[in-house]
Structure formats: structure tokens, C-alpha cells
Amino acid sequence: MRAVSIGFLVLVTFAALDNLALVPLGRTALAADEVMIGLLGTAYGAGMVLGPMLLARAGGRTRMQFVLYGAVLALGVGTLVTGMSPVIGVALVGQALAGAGAGWHHVAADTLIQQHVPAERLGVVFGTVYMSPYGAEVLAYLAGASLLGAIGPRWLLAVSGVGILATLALVVPLLTRALGGRTRRRTAVAAVA
């Protein structure tokens, strides 16, 4: 659960920066009207709903750590596409991809918790793990406001996307080690029995 918690903290610290940059990006760089700017946020939400629906079709055949890695990749790439988009249409696609990644991340993180935490500890673990994203949003807004003024919305989205992708360098080894240790313990218990 440490890997999921740390991943959430770092991921959301960077991902929440897009909340600060979308409106200024739409107004200045993309010259979009209010309706199109509103659609940027809607595209993210639509991706968050539709992305997990695609996972439901795969059923239980999916290994959740790979979904988690793919989710971070989609969220980071979608954020970069949004920031570097030359027109509003490309930004909408980027936001939809980022939203799908966020949805996949929630499904993967929650499933990993449910698969690896004893039932009697689930409430405590979920409460502890989900403190991280809320704290991360506070960090993002405190740092992001100054960054937005200093570097502008495109570069803030670039920082956000690169930071999200860099989360993989932290989460993959932590989660691989944690899941590998769990497999080794199960094998040792089975051998003793």
C-alpha cells in the first residue's frame, strides 16, 4: 500500500496542476470561447467515465499493476498533448485521454488495495491512502499558482505531464518489489504446508 500511497501523492501533485492551467490555456493560447473551455473539463470527466468502462469489458483477466502503469502513462501523455496542442480539438483529445488515465488509475489503485489488504483493515487503509491525493492537491495549488504566473499555461501543463510520467520511475520499482515479495511469501508458505 506504500507504493499506491506514494504514487497517489506524487501523481496528484503534478496532475492537479492542470486545474490551474486549462482556463488560461484555452483563453490565451487556443483563443477558445467559454463553451469550448468548458468542454475541456468535460472531456476529462468523460474520459474518466468511459475509460473504466473499457476495463470492465476485460473482466478479471487484467493484472492491475499494469493497468496502474498504463493509467499513469495515459494521464501524463494526455496532459502533455493538452499543453502542446495547437488547436482546441487536439486539447480536447488530450483531456479525454488524461481523464481515461485518471479513471483507470482509480480502478487499479482501489483493486490493488482490495486484493492485498485483509478485509478487516480495508476501511483504515482506504482512509489512509486517500489522504494523499487531497494533500497533494493543496501542494499543487500552492506551487502551481506561482508557476502559472512565471511560465504560463503551456509550460505548466508540460511540467504537469512530465511530472506525472516521472511518477512511473517511482511507482514501478516500489510496486514490483511489493508484489514480488508477496509472491515469494505465498510460495514459501505453500512449500512449508
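**View 1. Met-131, an exposed residue of the predicted model.** In this predicted model, Met-131 has a relative accessibility of 58% and therefore counts as exposed, the cut-off for that class being over 50%. Met-131 belongs to helix α7. Ser-5 lies 126 residues away from Met-131 along the chain, yet 8.5 Å separates the C-alpha atoms of the two residues.

**View 2. The largest pocket and the residues around its centre.** The space in this pocket amounts to about 300 Å³. Its lining is made up of 17 residues, and those closest to the centre are Val-12, Tyr-44, Ala-102, His-106 and Glu-137. By residue class, the lining holds 12 nonpolar, three polar and two charged residues.

**View 3. Helices that contribute to the lining of the largest pocket.** At least two lining residues come from each of α1 (2-15), α2 (17-29), α3 (34-58), α5 (88-116) and α7 (131-192). Which helix supplies the largest share of the lining? Helix α1 does, with four residues. Helix α7, one of the contributors, is also the helix that contains Met-131 of View 1.

How values were computed:
Residues numbered from 1 in each chain as written. Predicted model: local features only at pLDDT ≥ 70, side-chain atom pairs only at ≥ 80, totals over all residues. Heavy atoms only, no water. 1 Å grid on protein atoms, 1.4 Å probe; cavity = no way out; pocket = protein on both sides within 12 Å on 5 of 7 lines; lining within 4 Å. Points joined across faces, edges and corners; volume = space filled by probe spheres on them. Nonpolar A, V, L, I, M, F, W, Y, C, P; charged D, E, K, R; others polar. Buried < 20%, exposed > 50% of the residue type's maximum accessible area, 1.4 Å probe, protein only.
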